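Please look over the protein shown below. Keep the sequence and the 3D view side by side as you read.

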Amino acid sequence: MKTQLIFATNNEHKIAEIRSVIGNDFSIITLQEAGITIDIPEPHETLEANASEKSRTIYQMTNQHCFSEDTGLEVTSLKGAPGVKSARYAGEGRDFQQNIDLLLKNLEGKSDRTARFRTVISLILDGREILFEGICEGRIATDQKGLQGFGYDPVFIPDGATKRFAEMTMDEKNKYSHRKKAVDKLIQYLQTKDL
Ligand code: IMP
């Protein structure tokens, strides 16, 4: 029988990305499918603390295996910003486009456009927590292109690629993706467990 894990997110893009790589031994249940309608806050100063808060909240509510992830875009010449505040870089309630606009504005005139996406996954299995990290190095383009993906995908070019994430299919993005790398570690760990 497949092992069921609740993925503590309401982000459809993240769910699709993780389902595309999770494999046949596991089934992912979304918060919505688990009947959970709360919006879990991300109040902390690190990706690790936010990811932990989300998975612990869901574990306390359900007592089931679960995991969460938190991702940030860390731009070298902006001292790691927007980082843990990536979703609300341009302010609370702002959308992806406003965040991109502010990022491009803040990078005007800067020669170093290197950046990385960093994902932290917090897994809670039988009440015990373990963290996994995935990093994708790359750079921020000077303009935006592409319609796939979400967030900062139209301006992020991963190292080794000539296209932005937003110009890639999901399979192409998965060759480079921070989230895919973190999920691969999660899967490897789950496969060592007798669930
Ligand atoms: P979250 O807090 O983990 O939901 O992610 C914070 C923000 O980072 C999101 O709202 C997106 O703007 C951005 N983000 C996370 N993952 C990606 C990605 O794979 N591509 C582009 N942007 C992303």
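This report goes from the whole chain to single residues.

## Ground rules

This is a predicted model, in which local features need pLDDT of at least 70, side-chain atom pairs count only at pLDDT 80 or more, and totals for chains, interfaces and linings use all residues. Residues are numbered from 1 along each chain as its sequence is written, and side-chain values use heavy atoms, with hydrogens and water left out.

## The whole chain

The protein chain holds five helices and seven strands. Helices (H or I, at least four residues) and strands (E, at least two) are DSSP runs, numbered from the N terminus. Their order along the sequence is β-α-β-α-β-β-α-β-β-β-α-α.

The C-alpha trace spans about 55 × 30 × 25 Å along its principal axes.

## Surface, charge and contacts

Of the 195 residues in the protein chain, 46% are buried. Buried means under 20% relative accessible area, exposed means over 50%, and partly exposed lies in between (1.4 Å probe, protein chains only). The accessible surface of the chain comes to about 10,000 Å², and carbon and sulfur atoms account for 47% of it. Accessible areas come from the Shrake-Rupley method with a 1.4 Å probe; for residues, only the protein chains shown count as cover.

The chain carries 26 positive and 29 negative side chains, and the centres of the two sets lie 3 Å apart. Lys and Arg count as positive, Asp and Glu as negative; His and the chain ends are not counted. Each charge is placed at NZ of Lys, CZ of Arg, CG of Asp or CD of Glu.

Contact means heavy atoms within 4.5 Å. Take the contacts between residues at least 6 apart in sequence: 56% of these join residues at least 24 apart.

## Buried residues in helices

Asn 50 sits in helix H2. Its relative accessibility is 0%, so Asn 50 counts as buried. Beyond its neighbours within four places in sequence, Asn 50 contacts Glu 42, Pro 43, His 44, Asp 70 and Val 84. Ser 52 also lies in helix H2, which covers residues 47-62. Ser 52 is buried because its relative accessible area is 12%. With residues up to four places away set aside, Ser 52 touches Ser 122, Glu 129 and Leu 131.

Leu 186 belongs to helix H5 (residues 178-191). Its relative accessible area is 0%, so Leu 186 is buried. Leu 186 and Leu 131 are 55 residues apart in sequence, but their C-alpha atoms are 8.5 Å apart in space. Leu 186 touches Phe 67, Ile 121, Leu 123 and Phe 132, not counting residues up to four places away in sequence.

## Loops and backbone details

Lys 79 lies in the loop between strand E3 (66-75) and E4. Phi of Lys 79 is near 55°, a positive value in a residue other than glycine. Lys 79 counts as exposed because its relative accessibility is 84%. Further along, the peptide bond from Ala 81 to Pro 82 is cis, with omega near -5°. Pro 82 is part of strand E4.

Gly 93 is in the loop between strand E4 (82-83) and H3. Its relative accessible area is 77%, so Gly 93 is exposed. Asp 126 is found in the loop between E5 and strand E6 (128-140). Asp 126 has a positive phi of about 50° although it is not a glycine. At 60% relative accessibility, Asp 126 counts as exposed.

## A closer look at Asp 112

Is Asp 112 buried, exposed or partly exposed? With a relative accessible area of 31%, Asp 112 is partly exposed. Asp 112 is placed in the loop between helix H3 (96-106) and strand E5 (114-125).

Asp 112 touches Thr 76, Ser 77 and Leu 107, leaving out residues up to four places away in sequence. The side chains of Asp 112 and Thr 114 are joined by a polar contact of 2.7 Å. A polar contact is a pair of N or O atoms within 3.5 Å; within protein, one must be able to donate a hydrogen and the other to accept it, and residues adjacent in sequence count only if both atoms are side-chain atoms. Asp 112 and Phe 132 are 20 residues apart along the chain, and 28 Å separates their C-alpha atoms.
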